[in-house]
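This report is for a reader who has not seen this structure before. Please look over the sequence and the model before reading on.

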Amino acid sequence: MGGEQENNVRITRAAKKRAAAALGSDQSIQLPATKKRVVLGELTNLTNVGANSRLDLGGPQKPKNRLKKKEKKTVEIEAKLDDPQMCAPYASDIYDYLHSMELENKRRPMPDYIEKIQKDITTNMRGILVDWLVEVAEEYKLVSDTLYMTVSYIDRFLSSNALIRQRLQLLGVSCMLIASKYEEISPPHVEDFCYITDNTYSKEEVVKMETNILKILNFEMGSPTTKTFLRRFTRVAQENCKSPSLQLEFLGCYLAELSLLDYACIRFLPSMIAASVIFLTKFTIQPNMHPWNTTLQQCSGYKPSDLKDCVLAIHEIQLSKKWGSLVAVRDKYRQHKFKCVATLTSPLEIPLAYFEDDKV
């Protein structure tokens with residue numbers, strides 16, 4: 001199995017060096033020259049990136065003025081009536097249920113768990129871990145839902161359990177193992193996740209951590225993520241397009257994955273992040289056109305004013321003002337298969353008029 005793994009696992013030593021550099025470690029990570037596996041190494045205690053952000057860490061933001069159900073018209077733009085898989089007659093009810101699920105406390109991480117629960121882990125360490133997991137997901141060709149579920153499990157686990165930094169990577173691969181079993185048709189094996197860390201952790205350690213995670217999360221593994229809502233909002237955003245815009249779709253995926261890096265974005269609901277991503281995507285592509293409209297407002301339940309804080313937070317990451325040293329997501333979306341959307345530039349300022357509800 002070792003030879004096959006050597007051929008399949010192609011995470012470069014450059015990724016390993018980037019992680020070490022980002023951590024500011026004086027000890028470089030040494031691997032045999034023939035190996036291409038990655039170990040994050042010992043995480044150093046750096047000052048939290050974004051600690052001075054203007055975003056406060058209150059409870060998860062709920063929609064301030066979500067449209068009442070009786071006022072909502074059925075939105076079936078994204079679901080063709082002749083396609084039974086799109087569940088057009090039930091789309092609104094399904095997403096109303098998903099909105100209610102995302103509000104449940106048992107599916108939400110604490111927005112300030114690093115300050116209140118963790119003693120040895122910082123926001124910077126979390127960002128480096130997520131950045132590395134993006135590369136792992138790419139190398140194993142995992143679906144994007146697996147990545148989002150992995151990060152959700154990590155945040156939920158850390159919201160109630162203090163962890164030492166030497167076990168953070170173990171938590172990451174164990175959460176990705178669980179998410180892979182939940183989402184993938186052919187998930188990687190336990191041995192694959194041990195191998196990807198240069199066997200820093202044994203199979204027994206990964207299995208034991210997997211068991212602990214499942215117990216802590218009370219086996220509540222299903223939960224709507226940003227990706228869940230982003231699919232629907234992307235279809236609605238393209239209602240007037242003669243053909244689907246891959247640029248809009250990929251740019252939305254890019255911005256959504258960037259938001260995973262930022263600990264401050266935990267305070268926003270997944271549906272709010274998805275709506276904000278669409279807002280910022282449309283602004284990036286056509287900055288002179290108002291990015292929001294009544295259809296998107298009706299579908300998402302968010303008015304422009306509701307999205308302001310979240311949009312500005314993601315915009316700050318897009319401009320590399322935060323997490324600019326973490327490049328896995330940016331490198332991923334610089335590829336031609338993703339239309340090089342990471343190279344698109346966004347204006348430095350978003351007109352405040354775009355956040356006025358009466359302008360929609």
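## Basis of the model

This is a predicted model, in which local features need pLDDT of at least 70 and side-chain atom pairs count only at pLDDT 80 or more, while totals for chains, interfaces and linings use all residues. Residues are numbered from 1 along each chain as its sequence is written, and side-chain values use heavy atoms, with hydrogens and water left out.

## Helix 10

Helix 10 covers residues 226–237. Helices here are DSSP runs of H or I with at least four residues, numbered from the N terminus. From first C-alpha to last, helix 10 reaches 16 Å, close to the 16 Å expected at 1.5 Å a residue; the expected span is 1.5 Å times one less than the number of residues.

Ten of the twelve residues of helix 10 are buried. Buried means under 20% relative accessible area, exposed means over 50%, and partly exposed lies in between (1.4 Å probe, protein chains only). Among the buried residues are K227, F229, R232 and F233. The buried residues of helix 10 pack against helix 3, helix 6, helix 11, helix 12 and helix 13, where contact means heavy atoms within 4.5 Å.

## Salt bridges

The structure holds 17 salt bridges, each a side-chain nitrogen of Lys or Arg within 4 Å of a carboxyl oxygen of Asp or Glu. One of them joins K106 and E220, with the closest N and O atoms 3.2 Å apart. K106 is in the loop between helix 3 and helix 4, and E220 is in the loop between helix 9 and helix 10, 114 residues apart. K106 is partly exposed at 46%, and E220 is partly exposed at 21%.

E257 and K332 form another salt bridge, at 3.0 Å from N to O. E257 belongs to helix 11 and K332 to helix 15, so this pair ties together parts 75 residues apart in sequence. E257 is buried at 2% relative accessibility, and K332 is buried at 10%. Elsewhere, salt bridges with shared partners join E104, K106, R107 and E220 into one network.

## A buried arginine

R108 sits in the loop between helix 3 and helix 4. R108 is buried but has no salt bridge, and the nearest side chain of opposite charge, E102, is 6.2 Å away. For charge, Lys and Arg count as positive and Asp and Glu as negative; His and the chain ends are not counted. A polar atom of the R108 side chain lies 2.8 Å from the backbone oxygen of I266.

Note on methods:
Helix = DSSP H or I, 4+ residues; strand = E, 2+ residues; numbered from the N terminus. Polar contact = N/O pair within 3.5 Å; in protein donor to acceptor, adjacent residues only side chain to side chain.
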